[in-house]
Amino acid sequence: MKTSRRDFIKISALGLGAATLSASVAKAATKSYFGTERLNKLMTHRTPTYCEVCFWKCAGWTYTDGADNIKKIIGHPDDPHCNGRLCPRGTGGVGMYHDEDRLKTPLIRVKDENGNQTYREATWDEAFDKIAENMQRIAKEHGPECMALFTHGSGGAFWGHLLKAYGSKNIAAPSYAQCRGPREVAWIGTFGEGLGSPEPTDIRDTKCLVLIGSHIGENMHNGQVQEMSDAIDKDATIITVDPRFSTAASHSKYWLPIKPATDIALLLSWIHVLIKEGWYDKKYVEKNTYGFDQLKAHVKSYTPEWAYGITTIKPDVIRKTAREMYNAAPSVIVHPGRHVTWYGDDTQRLRAVAILNALLGSWGRRGGFYIGDGISIPSFPHPEYPKPTRTWRDAMPGKFLLADSALANGVCDATIPSIESDCSIKGWIVNGTNLIFTLPDIENTKKALQNLEFLVVVDTMPMEITGYADVVLPECTYLERYDSIRTSKHREPTIALRAPAVEPKYNSKPGWWMAKELGHKLGLDDFFKYDHIEEVLDWQLKKVGSSLEEMKRIGVKKLERDAYIPLYFNENEDIGFFTNTGKIELYSTSFAEEGFDPMPKYTAHPEPPEGYYRLNYGRAPMHTFSRTANNPNLTDLMDENSVWVNPKVAKLWGLKNDQRVWLENQDGIVSSFSIKVRITERIRWDSVYMVHGFGHKNEKLTRAHGKGASDSELISNVMVDPIMGGTGMRGNFVTFHVDKPEKGGLL
Ligand SMILES: Nc1nc2c(c(=O)[nH]1)N[C@H]1C(S)=C(S)[C@@H](COP(=O)(O)OP(=O)(O)OC[C@H]3O[C@@H](n4cnc5c(=O)[nH]c(N)nc54)[C@H](O)[C@@H]3O)O[C@H]1N2
Ligand SMILES: Nc1nc2c(c(=O)[nH]1)N[C@H]1C(S)=C(S)[C@@H](COP(=O)(O)OP(=O)(O)OC[C@H]3O[C@@H](n4cnc5c(=O)[nH]c(N)nc54)[C@H](O)[C@@H]3O)O[C@H]1N2
Ligand code: SF4
Ligand SMILES: [Mo]
């Protein structure tokens with residue numbers, strides 16, 4: 001067996017201490033039914049929270065029996081993210097707390113008497129000493145800029161503060177370059193600002209909603225799903241463009257089963273039709289946009305007949321749907337999507353989406369996009385952060401300059417020494433992101449891991465990434481801790497508090513405490529001048545007219561909108577946009593300056609070779625990525641994924657429903673586990689589909705281990721977006737094995 005600097009260690013080998021709740025008890029505790037009367041009795045024992053099962057951050061109340069028994073989590077009625085109703089995952093969030101497979105105590109990588117790498121249980125003090133010693137050594141030998149943080153979720157605020165105080169700005173989240181980054185860059189290039197989360201889509205008042213890949217209904221972002229359902233009740237026209245018959249497609253007036261990877265052609269032909277037929281908001285375009293004449297010339301040849309040959313969508317359907325959008329304008333939303341890193345030309349595809357919205361005049365209009373408003377909460381006083389002299393960008397000079405956040409793949413690449421660049425990153429802190437599953441090209445991620453001098457992983461569960469850590473820090477779940485105040489923008493600004501409903505189980509601790517204690521070991525006490533996070537929260541809340549005491553009582557507080565920011569544009573006023581020209585840029589001057597196409601073009605992408613099918617993936621309503629794969633409440637609802645196969649393809653391969661197959665991709669990578677076949681007309685013959693987040697290798701995940709297959713493993717061809725460095729992940733092709741292949745997978 002090849003030895004490596006960093007063997008993956010199964011955390012299972014350890015006796016992980018502490019009493020555990022048996023699975024059946026955990027289920028009983030979380031599944032019992034409560035009538036309103038009983039709930040009312042429990043009213044005195046409710047604690048405000050906002051959900052961490054996904055990043056929509058719905059606010060809610062956690063009910064306990066007054067001791068450490070969580071009874072139920074329900075949505076907060078005053079919260080615009082959820083309007084009093086959590087999604088199935090949010091309700092099942094209590095399973096994260098009860099999961100007996102949780103990380104329970106800090107772990108330190110050691111060698112046993114036979115030289116094998118293993119973990120030993122450690123005290124918090126020992127773990128922090130080990131981390132501080134390594135971080136100080138890295139700072140001394142290479143500079144503090146050689147540490148990086150990968151983070152997703154609430155803890156990022158505390159770990160980010162620590163890393164900046166230590167002297168590094170390499171802070172990245174896969175929710176940018178593996179998710180919505182291209183969309184943000186396209187929006188900034190067009191409207192001068194990004195969309196953020198929750199997106200300011202005015203779905204509840206829309207007359208026409210166009211979904212391009214966004215599979216709302218399977219993508220369970222709560223407020224959005226609720227508003228779409230309201231819009232359907234009010235007879236809004238839904239147009240869904242998706243090669244798969246998604247849940248959204250089943251609620252649509254028009255389903256356009258587009259050939260995958262050809263969306264830019266459809267978007268350009270829609271733009272062509274709107275301009276040619278005069279179906280655009282002339283007044284709005286004239287007053288607010290820049291580059292209409294260039295755009296008109298640019299799309300002249302992109303007729304529906306041209307697009308038909310590429311997309312397989314009939315010309316009359318393209319014209320009819322364009323007319324539907326115009327009829328509804330400006331109360332129309334061509335939805336910008338969220339996970340948009342598909343084919344490497346994603347920023348340009350999203351530019352086309354932005355341009356369509358601009359022509360229809362939907363930006364800043366009722367039923368289109370509202371203007372969100374949020375509250376900014378001041379930082380607790382601390383000294384100025386040291387100024388780093390280098391960042392991950394120095395490993396790739398001149399590239400991806402339009403990216404407005406750090407690239408997780410960029411930080412990963414900057415950890416691998418190469419001839420062209422000086423390898424600068426030597427240590428990682430990974431908080432709340434399972435990079436093995438979320439960065440494409442696992443072999444590349446593993447290469448970076450092998451080059452690291454030091455890796456800390458902060459997680460609640462023994463996920464794939466934790467097995468590569470030198471030190472593992474067990475965080476308590478969101479139900480057991482305070483976090484920062486939620487301040488996201490919405491129609492009305494709101495703030496929401498997350499407070500602990502119960503004591504942390506086992507020897508787990510909250511992120512804020514870990515960052516502060518480690519800060520102390522690193523000699524950074526000046527940056528953490530408080531004994532408890534409660535002091536910080538109270539100080540911050542008082543600055544915005546509330547207090548910790550009030551927020552504990554009310555959970556969510558609505559604040560006044562800024563009097564100068566209207567919810568929709570005032571048609572009689574001049575509107576300024578934060579672009580170079582001060583207008584909505586149909587022709588992007590900032591893209592042109594950087595040498596990129598100022599208006600989107602269509603380029604063809606490779607097609608699957610004979611016997612292979614495009615690997616398409618997405619979400620299931622009851623799971624979030626890989627973070628819920630072991631959750632006892634949610635595995636009860638769905639415990640594995642399946643591969644969707646068109647009946648024609650099934651016939652060709654002689655596949656039957658529920659038969660198990662292994663998948664192999666174009667680079668000869670085989671799935672570690674088999675996956676059940678689901679034969680369905682809902683997927684095109686040239687593609688297969690699976691839900692992301694399954695196929696876990698770690699046996700310590702007792703419910704998730706070996707259940708289903710992992711799309712991440714099969715994504716080795718990464719199409720990098722030249723504009724902002726996003727990783728296009730849908731250019732991978734798979735074939736079937738009906739017998740277990742000899743070759744193993746990458747996990
Ligand atoms: N192949 C593939 N890759 C993808 C995607 C895909 O669909 N397919 N989707 C992309 C998208 S859209 C996104 S946004 C990203 C998401 O990427 P990630 O945010 O990395 O998603 P997860 O894989 O769920 O990783 C979450 C990790 O956080 C841990 N965790 C859960 N709760 C807590 C907590 O309270 N504290 C701490 N410290 N840890 C916690 C979980 O145990 C898990 O290890 O992935 C991207 N990558
Ligand atoms: N239940 C649940 N909800 C979630 C999440 C979760 O993990 N679980 N994650 C949240 C996060 S972070 C994100 S980013 C979002 C992601 O969700 P979205 O942004 O809505 O969806 P995508 O992942 O972009 O796209 C998935 C859809 O795109 C279709 N598709 C594939 N290829 C093509 C193509 O070439 N053209 C077109 N037009 N369509 C194509 C697929 O068939 C599928 O229906 O979901 C969010 N909501
Ligand atoms: S959408 Fe569901 S999982 Fe996401 S924050 Fe809201 S309740 Fe939680
Ligand atoms: Mo995402």
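Where is the place of Y506? Select Y506 in this predicted model, and you will find the residue in the loop between β16 (494-496) and α19 (511-521), with helices (H or I, at least four residues) and strands (E, at least two) taken as DSSP runs numbered from the N terminus. Y506 has a positive phi of about 55° although it is not a glycine.

Residues are numbered from 1 along each chain as its sequence is written, and chains are lettered from A and ligands numbered from 1 in the order in which they are written. Because the model is predicted, local features need pLDDT of at least 70 and side-chain atom pairs count only at pLDDT 80 or more, while totals for chains, interfaces and linings use all residues; side-chain values use heavy atoms, with hydrogens and water left out.

Next, select T312, in the loop between α13 (304-311) and α14, where phi is near 70°, a positive value in a residue other than glycine. T312 is partly exposed, with a relative accessible area of 39%; here buried means under 20% relative accessible area, exposed over 50%, and partly exposed in between (1.4 Å probe, protein chains only).

Move on to two prolines. The peptide bond from A329 to P330 is cis, with omega near 0°, and P330 sits in the loop between α14 (315-328) and β12 (332-334). The bond from S197 to P198 is likewise cis, with omega near -10°, and P198 belongs to the loop between α7 (174-191) and β8 (208-212). Most residues other than glycine have a negative phi, and most peptide bonds are trans.

Now select G555, in the loop between α21 (548-554) and β17 (556-558). G555 is buried, with a relative accessible area of 2%, and, leaving out residues up to four places away in sequence, touches P48, W61, H76, I495, A496, L497 and E550, contact meaning heavy atoms within 4.5 Å.

Finish with helix α18 (residues 442-451), in which I442, N444, T445, A448 and L449 are buried. These residues lie on the same side of α18 because they cover an arc of only 160° around the axis, the arc being that of the directions from the helix axis to the C-beta atoms. To see what they pack against, display α16 (408-413), β13 (427-431), α17 (435-438), β14 (454-459) and α25 (711-714).
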